[in-house]
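Here's a quick briefing to read alongside the model. Keep the 3D view open and follow along.

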Amino acid sequence: MKTAAKTILAKTTFAAGLLAATALSGSAFAQSGPIKIGVVTPLSGTYTPIGQQVRWGLELAAKEINATGGIAGRQVNLLFEDEEANPSVAVQKAEKLFQVEKVDFLTGTVNSGSTLAVAQLAERNAKLAATTVSFADSITTDKCSPNMFRVNARAEQQSVALAAWLAKEKPKAKVYYLGPDYEMGRSTVAAFKSSAEKGGAQSGGEVFAPLDSKDYTQYFGQIRATRPQVLYTSVAGNDTVRLLTQLQDFGLLSGLTVVGASGTVTSQNITAIGAAAEGFATGVGYSPQIDSPANKTFVDAFRAANKTDPDLYGADSYGLLFAYKAAVEKAGSTETDKVREALRGLSWQTPQGTKTIRAGDHQAMQPMYVVRVTKGKFDIIDNVSSENAIGPDTCTRF
């Protein structure tokens, strides 16, 4: 697998190519003032660790871009607002950034419900937005928006990779599903269930817990009664810490393979989870273990700036600013219609290799990896090509 990753990633000329391009087209906007990018992300609440990675990734990218001339000669100015992982709060904060701060572009939403709501708001304000975190398939399928883009892997991409590995590791396993009770949770469970059952897995049941649940033991009776070989979960942030440590405390992890969404166990919560995270496997679009010069450069810079490893959210947020930079410079403008057209079909370099935004649904195509926690760290154990992971384009709005 490492050989395959090297083959893909060796093609990237990442930082050098990205930064050199800045100087070529900088003069067109040199006297137009900074480009304002609004960031509505959780800076408080259960998703705070995710919002922190989003912030670190964006700040590192902005620093590197500004140090080499900005976007078409204009400096990048990030304006942060706390989403609180609450769609109604996200809309209020995004409205402020669009109407009062006059931002050129918006990103940072984590909660999938927030991303869907902000997409509608972006349309009303004739602005563009992108998520680097939200998993719900609906964002780029049946509820797609011409003003919303997604540069991270969606639920189906993660599920295809993870289910293919699980079919080899645990053939015809009985799987119990436990997700958070909102758009992302139901979407990720549905996507993995569909992929797993195509590979021969059986369903042992499913349950959805409220976001920010403090006590998961009320669901343990159902899990015991089902006697699954595999537990799939898509809880995230501090919810994961509580779920996995409570499963360990009640002795349910013995003999149970735990798999989940890529945001369930990350560098931001793995220390707090401790031994209960051992053996957890997931499908991801990014890992600090990707063996390429571009990723090594990124990881070193991220560690130097933040004293910790990047996770998928930090990497995807970092990569987004370079996509926006490439689109604005290609368009020769920050105008919404011109940048939208430039983003559609755009290929650009990221820490995980080349990504391409599919024009038909605004979903990024990227290689997918299966990673598993061993001795407190993720190891890459399998991979799937971007073409095999992306799934069909079912967006019909544009």
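This is a predicted model: local features need pLDDT of at least 70, side-chain atom pairs count only at pLDDT 80 or more; totals for chains, interfaces and linings use all residues.

Let's start with strand β10 (residues 281–284), where Ala281 and Gly283 point one way while Thr282 and Val284 point the other way. All of these residues are buried, meaning under 20% relative accessible area, with exposed being over 50% and partly exposed in between (1.4 Å probe, protein chains only). Residues are numbered from 1 along each chain as its sequence is written, and side-chain values use heavy atoms, with hydrogens and water left out.

**Neighbours of β10**
- Strands and helices here are DSSP runs numbered from the N terminus (helices: H or I, at least four residues; strands: E, at least two).
- Two strands count as paired if DSSP finds at least two bridges between them.
- Strand β9 (residues 257–260) runs parallel to β10, and 2 bridges join them.
- Across from Thr282 in β10 you'll find Gly260.
- With strand β14 (residues 368–374), β10 pairs in the antiparallel sense over 4 bridges.
- Ala281 has Arg372 as its bridge partner in β14.

**The disulfide**
- A disulfide is a pair of cysteine sulfur atoms within 2.5 Å, and a search of the whole structure turns up 1.
- Cys144 and Cys395 are the two joined, with S to S at 2.1 Å.
- Cys144 sits in the loop between β4 and β5 (148–150) and Cys395 in the segment after α14 (386–389), so the pair ties together parts that are 251 residues apart in sequence.
- The torsion about their S-S bond is about 75°, so this disulfide is right-handed.
- Cys144 and Cys395 are both buried.

**Around Asn125**
- Look for Asn125 in the loop between α5 (112–124) and β4 (128–131).
- Asn125 counts as buried because its relative accessibility is 15%.
- Leaving aside residues up to four places away in sequence, Asn125 touches Glu95, Phe98 and Gln99, where a contact means heavy atoms within 4.5 Å.
- Asn125 and Glu95 are 30 residues apart in sequence, and their C-alpha atoms are 8.5 Å apart in space.

**Confidence**
- The protein averages a pLDDT of 92, and 92% of the residues score at least 70; pLDDT is the predictor's confidence in each residue, from 0 to 100.
- Over residues 1–28, pLDDT stays under 50, and the model has 42 contacts beyond four places in sequence for them.
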